[in-house]
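Reader: I am new to protein structures, and I would like to be taken through this one carefully. Could we begin with the terms and then turn to the chains?

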There are 2 protein chains.
Amino acid sequence: MSLLVVGTVAFDAIETPFGKTDKIVGGAASYIALASSYFTKEINIVSVVGDDFPTEFMNTLKGQGVNLEGLQIKQGEKSFFWSGRYHNDMNSRDTLDTQLNVLAEFDPIVPESYQNCDFLMLGNLMPTVQQKVLSQLSKRPKLIVLDTMNFWMDIAMPELMETLKGIDVLTINDSEARQLSGEYSLVKAAQKILAMGPKVLVIKKGEHGALLFNKEEVFFAPALPLEDVFDPTGAGDSFAGGFIGYLAKTKDISFENMKRAIIFGSAMASFTVEKFGTERLIGLSQKDVDNRVQEFVDLVQFDISLV
Amino acid sequence: MSLLVVGTVAFDAIETPFGKTDKIVGGAASYIALASSYFTKEINIVSVVGDDFPTEFMNTLKGQGVNLEGLQIKQGEKSFFWSGRYHNDMNSRDTLDTQLNVLAEFDPIVPESYQNCDFLMLGNLMPTVQQKVLSQLSKRPKLIVLDTMNFWMDIAMPELMETLKGIDVLTINDSEARQLSGEYSLVKAAQKILAMGPKVLVIKKGEHGALLFNKEEVFFAPALPLEDVFDPTGAGDSFAGGFIGYLAKTKDISFENMKRAIIFGSAMASFTVEKFGTERLIGLSQKDVDNRVQEFVDLVQFDISLV
């Protein structure tokens, strides 16, 4: 089923304990589209870049079956740029530089050919931009997943709260769940957040896995213990891409199927962190993905029969 | 099968964001014995207290089937006392007071009736004391599990390293695994630690669950997402007690059965943190334990069939 992906397509410069990169391609929509492309083939992007963005990467996306009709290319302007340095624990990071560039005035336009999308992934962006996309859709998608971050909770909480009212699934990390709810306990945080609009909440805990909540149930998905996390950039977006990609492929948005989708999302994230940037998400085979998912199955499988 | 438990029987005074206690009963061996008593009935303790220790709690232990012949009661001396304050995250804590008292000169004596024990749980204590117990056993137990902490890595690393050579399973937390191995990655840390003597390593991650490693395999057990963690004191010891108690009950020390044992250990820890001290571990029914274990099963259960 068709998937609409909204988010940044941009440049990053990254430092980790393992090394540093010059400007490389990144952005939420890049990771989401690449990760979801292993599950579904009608993927449409709404985003914006400057005329400095490499056509090579656009061709890579097209090669993975991603439609770029909704990718605005602003002549004479520059693409969004973020630079950051990860600490030794790979969970915390400092932002070294942020250049909004084309993002400052981003006015998303949903092309006519994107209408009637079944699945919508609103990647991390200003809540008002996410809402502008929602308002352009003539038909409500079957499932709307939204990702956001602490930055918008700091500076645009009313707009974020308004946007949350219209979505189905929210994905945030554990500290963001605590900030959004004002609760330290994630169980209490989840119940408060589920009262804000989303029917389902995914709390991403990085190397500690992810929790999936609805009002009655909870599911826990582990993260794969890795020898090295090389670069965590894009892990959350790859997770979201695998998650919604799997749901679009299977056309089943039940809680039971979301459990499976989270495992597939976690598998895609585990690839991403093995190399800098989007590199590891390009050219995977179905066998690679299946083998990785099997590692998750093996990791948590146990057999207890209670009488 | 008979289980020998070595560790402190002591007093704690605890402050958490939820309240504070006066002197209450605690100690590694208390938690281990209580938690294991729901699985196996021949439980023998080696420990030491002063004449200030309440007979009421000793009767509680006896009521749970715990043999106290090896519990030395030092007349005119005081029991070990620890006082601490937990931070808001419930993972970090400050030690406010430590009074070694009877522990300063503790010379463990294994009674003749404890010989031929099948399972040995060496709770957190000076590594030399743990070794003294090992050297008194006429027959090597079927399984030796050892718990320790960063404090001994700081002040008695050579003695700890020596003790590790003779054991089967080591249980430590994630920061201790990093300290012991000098590796940040827990996968790398595990391989280094498994080269030090233990055949199996359990890395406890508190609210993030636990990892079980041998040289070839890894298993991940989740922690139950709880509304409130009331008092984390004794969680690790309750975990160890449930773990070794289940192994003693089932008489199966394969890696597959250790996966199950970790789930039962996690269930016992999840009870402990619901109230101050040992309170929650007294008077549970088999049904309570089974229901709690079922919650763990439900939490991580998913069904993925890869073609």
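Author: Two strands pair if DSSP finds at least two bridges between them, where strands (E, at least two residues) and helices (H or I, at least four) are DSSP runs numbered from the N terminus. This is a predicted model, in which local features need pLDDT of at least 70, side-chain atom pairs count only at pLDDT 80 or more, and totals for chains, interfaces and linings use all residues. Residues are numbered from 1 along each chain as its sequence is written, while chains are lettered from A and ligands numbered from 1 in the order in which they are written.

Reader: Which are the edge strands of the open sheet in chain A?

Author: The open sheet has nine strands with mixed pairing, in the order β6-β5-β1-β9-β10-β11-β12-β13-β14 of chain A. An edge strand pairs on one side only, and in chain A those strands are β6 (66–74) and β14.

Reader: Which helix gives the most to the side of chain A that touches chain B?

Author: Two residues are in contact if their C-beta atoms, placed from the backbone, lie within 7 Å, and the contact takes 29 residues from chain A and 29 residues from chain B. In chain A, α7 (186–194), β14 (218–221), α9 (255–272) and α10 (286–300) each supply at least two residues of that side. With six residues, the one that gives the most is α10(A).

Reader: What relation superposes chain A on chain B?

Author: Copies are superposed by least squares on the C-alpha atoms of residues with pLDDT of at least 70 in both. Chain A is superposed on chain B by a rotation of 180° with 0.0 Å of shift along its axis (RMSD 0.0 Å). The relation is therefore that of a two-fold axis.
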